[in-house]
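Thank you for having me today.

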Amino acid sequence: MNKIKLEKKIIKIFKNLQLSNNHAEISAKALINAELVGAYGHGLSRLKMYCDRIKKKLINPKPKIKIKKISQSISHIDANNSIGFVSADIGIKTAIKHAKKTGIGMVAVKNSGHYGLSGYYAEQAVKKNLITMIFTNAPPAIAPYGALKSLFGTNPICFGAPTGSKIPFILDTSISMINRGKIRVAARNNQKIPLGVALDKFGKPTINAKKALEGVQLPIAGFRGSGLAWMVDILSGVLTGGNHAGKVKDPFDDFSGPQNIGHLFVTFKANLFQKNYNQRIKQNIKIIKKLPKAKGVKEIMYPGQNKFYRFKKNTKKEILINNNTKKDIQELLIN
Ligand SMILES: NC(=O)c1ccc[n+]([C@@H]2O[C@H](COP(=O)([O-])OP(=O)(O)OC[C@H]3O[C@@H](n4cnc5c(N)ncnc54)[C@H](O)[C@@H]3O)[C@@H](O)[C@H]2O)c1
């Protein structure tokens, strides 16, 4: 489907559900960007879920978002259960504004919802020559190391830095072996998942996506991944006033209340300590890229390069949408 036409349809769907034009546009752009970078598990496959939550009054279409300025560099946002895209957009823009003024910006957000891809917000900061670190927690998917029950989300860790070129360095990774969105898409389309990424509810390794959703996902690198997930839960949940310790509700399955997710946005000027940052980062990347390559590797890439290439390739083409999502869009346009 043509990108502009698709965006118009998604905006219409959100506006029909009482979102303002601005909020509908922010949300539609974030969802379409996920499709363009190939993060299908965080794109239009989630559209119906957001709409269901708005209809059930668990996402507030007309939020009164409060921004409390704590200092010239620090703000605390109460998102009033807005759709996550909107609170994250305000969060990163506020953090950028603070960093431009004082060198560093820190913004905590509470009472928010699922905001999609952390890297999408990191790009905004990196474009302004800022380094950024972004954290969000997510519903239970992973058992803390040593526990039998899932509690941590796939809690992504995102770090963005300018590279002195138009392709930003953006490490944006779940702390699970694969992200939950991919498992949901596989479950919906009756596809298998790789071995070694999840256990079923009896603790047995599974390649069945539906059984994986009932069981637990595995963290990257055992107790190290579990520790990172815990760190994200502290930074985006405990610190911000958001839900934490397994209390974030699953947006697809749990309609007993709003998610109250927390996010943390940290941004700072890349040349805070070394005026020639740009020269230094270019040199750093050059040295690494020149290393001898492992068999089959054409280019040593830095994080973010693959998504940048995919985005560039995909923006030239029509957006391919699977039948399930097409059906969702058609039904949502009518209702
Ligand atoms: N909002 C939420 O609750 C939530 C939860 C989990 C994940 N997410 C999002 O899902 C997205 C996907 O997460 P993921 O863990 O599947 O990411 P991924 O595994 O696709 O990529 C992880 C990182 O590795 C880098 N990378 C990939 N291939 C590389 C290569 N060959 N060389 C060098 N670097 C490479 C990527 O650029 C990326 O920075 C992220 O944007 C994340 O923010 C969101």
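N2 caps the N-terminal end of helix α1, in that one of its side-chain oxygens lies 2.9 Å from the backbone nitrogen of I4. Please keep in mind that we are looking at a predicted model.

Let me stay with α1, which takes in residues 3-16, and ask how far apart its end C-alpha atoms are.

Which residues of α1 are buried? They are L6, E7, I10, I11, I13 and F14, and because they cover an arc of only 160° around the axis, they sit on the same side of α1. As for what covers the buried residues of α1, the list includes α2 (21-36), α3 (47-55) and α11 (323-334). Just after α1, Q18 takes a positive phi of about 80°.

That brings me to backbone angles. Most residues other than glycine have a negative phi. N80, however, has a positive phi, near 55°, and this residue lies in the loop between β2 (74-78) and α4 (84-102), where N80 is partly exposed with a relative accessible area of 28%. N129 also has a positive phi, near 65°; its place is in the loop between α5 (118-127) and β4 (130-136), and at 40% relative accessibility N129 counts as partly exposed.

Finally, let us turn to the ligand. How many residues surround the ligand, and which are the closest? There are 22 of them, and the closest are D172, S174, N179, G304 and N306. A polar side-chain atom of S174 lies 2.8 Å from an oxygen atom of the ligand, while a polar backbone atom of S118 is 3.1 Å from a ligand oxygen, and a polar side-chain atom of H114 lies 3.4 Å from a ligand nitrogen. Taken alone, the ligand exposes 860 Å², and the protein buries 78% of that. The elements that give two or more residues to the shell around the ligand are β6 (169-173) and α10 (305-315), and the largest share, four residues, comes from β6.

Note on methods:
Residues are numbered from 1 along each chain as its sequence is written. This is a predicted model: local features need pLDDT of at least 70, side-chain atom pairs count only at pLDDT 80 or more; totals for chains, interfaces and linings use all residues. Side-chain values use heavy atoms; hydrogens and water are left out. Buried means under 20% relative accessible area, exposed over 50%, partly exposed in between (1.4 Å probe, protein chains only). The expected span of a helix is 1.5 Å times one less than its number of residues. The arc is that of the directions from the helix axis to the C-beta atoms. Contact means heavy atoms within 4.5 Å. A polar contact is a pair of N or O atoms within 3.5 Å; within protein, one must be able to donate a hydrogen and the other to accept it, and residues adjacent in sequence count only if both atoms are side-chain atoms. A residue is near a molecule or strand if one of its heavy atoms lies within 4 Å of it. Accessible areas come from the Shrake-Rupley method with a 1.4 Å probe; for residues, only the protein chains shown count as cover.
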